[in-house]
Amino acid sequence: MLEGPKFNPDAWLFPSLHRTPRSWVISSRLVMAAVGSFSKVWIEWLNKSKVHNRQMLTDTVESRPPDRGLVTVSNHSSCMDDPLMWGVLKMRCLLSNSCMRWTPAAEDICYTNKWHSWFFSLGQCVPVRRGNGVYQKSMDFLLDKLNMGQWVHLFPEGKVNLTNEALLRFKWGVGRLITECKTSPIVLPIVHLGMDSVLPNEPPYIPQIRKNVTLLVGSPIDFSKDIERLKSLKKSPRDIRKYITDCLQEEVRQLLEKGRVLHSKFDS
C-alpha cells in the first residue's frame with residue numbers, strides 16, 4: 001500500500017510574500033471566513049460580550065494608512081482567545097484576509113501534523129518555536145508583514161496565563177517587531193476578561209454559553225520617538241527591545257486593572 005508524504009515539522013508552508021498562488025488565496029479565504037463567522041456566533045450570539053472603545057479597534061484595523069503596520073497585544077487567558085476575540089469585528093473585516101491579523105502560534109501545539117499545519121497556516125497563524133529567541137524565521141516573516149502595512153497580533157506572555165492574577169513577563173519578540181519596522185507601527189493594547197469562562201482551562205474543556213466577556217481597547221501608542229531617543233543614546237538593540245517590551249507590559253497591566261473593574265460591573 002502506497003503511503004503519502006511524511007509530515008515534516010520543519011516545512012514552511014507559506015508562499016512567497018510577493019507571489020501568492022490563487023489556490024492559496026481561495027483556501028485561506030475559506031478558512032478565515034469560516035473561523036471568523038464561527039467566532040462571531042460564539043462570542044456575540046451564544047455568549048454576552050461588551051467592547052469598550054470599540055471604534056478605536058475598528059478604525060485602526062480598517063482605516064489606518066495603507067503603509068502603516070498594526071501591532072495589537074493582549075493578555076492570554078484561554079487557548080481560544082484568538083480567534084474568539086476577533087468575533088467582535090464587523091463581518092466585512094472577518095471576510096477579508098487583507099484586513100485580518102497574522103499571529104504567531106506555538107509550533108509544538110498547532111503544528112503537530114500536516115492537517116493542523118495547513119489549517120493554521122491558511123488561518124494566518126505562523127509557527128513559532130519556543131526557546132529559539134527573537135531571531136527566527138517566523139518573526140522575520142511577521143516583520144515583513146508589518147513592513148507591508150499589515151496587522152500582527154501578539155500574546156506577549158507567550159502562553160496561556162492560568163492564574164489571571166498578574167501578567168507573565170512579556171517576551172521580547174514584540175519589542176523586536178516594533179523597533180525594527182521600517183515605519184513605526186501603530187501599537188494597540190487590548191485586554192479581555194471572561195474568555196476562560198467561555199472555554200475553561202481545566203478538563204473536560206467543554207465550550208460554554210451565556211457567559212460574560214469584556215474587551216477593553218486601549219489608546220494607540222507610537223514608540224517612534226522613544227526608539228529614536230534610545231538609538232541616539234547608542235543603546236544596543238537588546239536594550240531597546242527590552243525597554244519597549246517593558247513599557248508595553250506596564251501599559252497592558254494598567255489597562256487590565258481598568259478592565260477588571262468594568263468586567264465586575266458587567267450586569268449592572
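Me: How do you know that E1 and E7 count as paired?
Reply: This is a predicted model, and in it E1 and E7 run parallel and are joined by five bridges. Pairing takes at least two bridges, so E1 and E7 qualify. If you want a spot to look at, histidine 52 sits opposite leucine 216 in E7.

Me: What is the order of the strands in the open sheet?
Reply: There are five strands, arranged E1-E7-E6-E2-E5, and the pairing is mixed.

Me: What makes E1 and E5 edge strands?
Reply: Each of them pairs on one side only. As for the twist, from one strand to the next it averages 20°.

Me: How do you know that E2 pairs with E5 and with E6?
Reply: Count the bridges again. E2 has four bridges to E5, residues 151–154, and five to E6, residues 186–193. The cut-off is at least two, so both pairs pass, and both are parallel. Leucine 70 faces tryptophan 151 in E5, while serine 74 has isoleucine 190 of E6 as its bridge partner.

Me: Why is E2 called mostly covered?
Reply: A residue is buried when its relative accessible area is under 20%. In E2, residues 70–74, five of five residues are buried, and therefore the strand is called mostly covered. Leu70, Thr72 and Ser74 are on one side, Val71 and Val73 on the other, and all are buried, so both faces are covered.

Me: Which other strand has both faces covered?
Reply: E4, residues 125–128, does: Cys125 and Pro127 are buried on one side, Val126 and Val128 on the other. E4 is also joined to E3, residues 103–106, by four bridges, and these two run parallel. Alanine 106 stands opposite valine 128 there.

Me: What do the buried residues of H2 pack against?
Reply: They pack against E2, H4, E5, E6 and E7. The buried residues of H2 are Leu57, Thr58, Thr60 and Val61.

Me: What makes a group of residues a nonpolar core?
Reply: The members have to be buried nonpolar residues such as Val, Leu or Phe, joined through side-chain atoms within 4.5 Å. The largest core here has 35 residues, and Val71, Leu177, Ile178, Phe223 and Leu248 have the most contacts inside it. Several elements supply at least two residues each, including H1, E2 and H8. H11 gives the most, with six residues.

Me: Which residues does leucine 248 touch?
Reply: Leaving out residues up to four places away in sequence, leucine 248 touches Val73, Phe170, Val174, Ile178, Val187, Ile221 and Phe223. Apart from that core lies another, of 28 residues, with Cys93, Met100, Trp151 and Leu215 among them.

Me: Why is H1 called roughly perpendicular to H6?
Reply: H1 and H6 pack at an angle of about 85°, and their axes are 8 Å apart. Angles of 65 to 115 degrees count as roughly perpendicular, so H1 is roughly perpendicular to H6. H1 brings Trp24, Ser27, Ser28, Val31, Met32 and Val35 to the contact, and H6 brings Trp118, Phe119, Ser121 and Leu122.

Me: How many residues of each class are in the contact of H1 with H6?
Reply: Seven are nonpolar, three are polar and none is charged.

Technical notes:
Residues are numbered from 1 along each chain as its sequence is written. This is a predicted model: local features need pLDDT of at least 70, side-chain atom pairs count only at pLDDT 80 or more; totals for chains, interfaces and linings use all residues. Side-chain values use heavy atoms; hydrogens and water are left out. Buried means under 20% relative accessible area, exposed over 50%, partly exposed in between (1.4 Å probe, protein chains only). Contact means heavy atoms within 4.5 Å. Axes are lines fitted to C-alpha atoms, for helices over the stretch in contact, and angles run from 0 to 180 degrees between N-to-C directions. Angles under 35 degrees count as roughly parallel, over 145 as roughly antiparallel, 65 to 115 as roughly perpendicular and the rest as oblique. Ala, Val, Leu, Ile, Met, Phe, Trp, Tyr, Cys and Pro count as nonpolar, Asp, Glu, Lys and Arg as charged, and the others, Gly among them, as polar.
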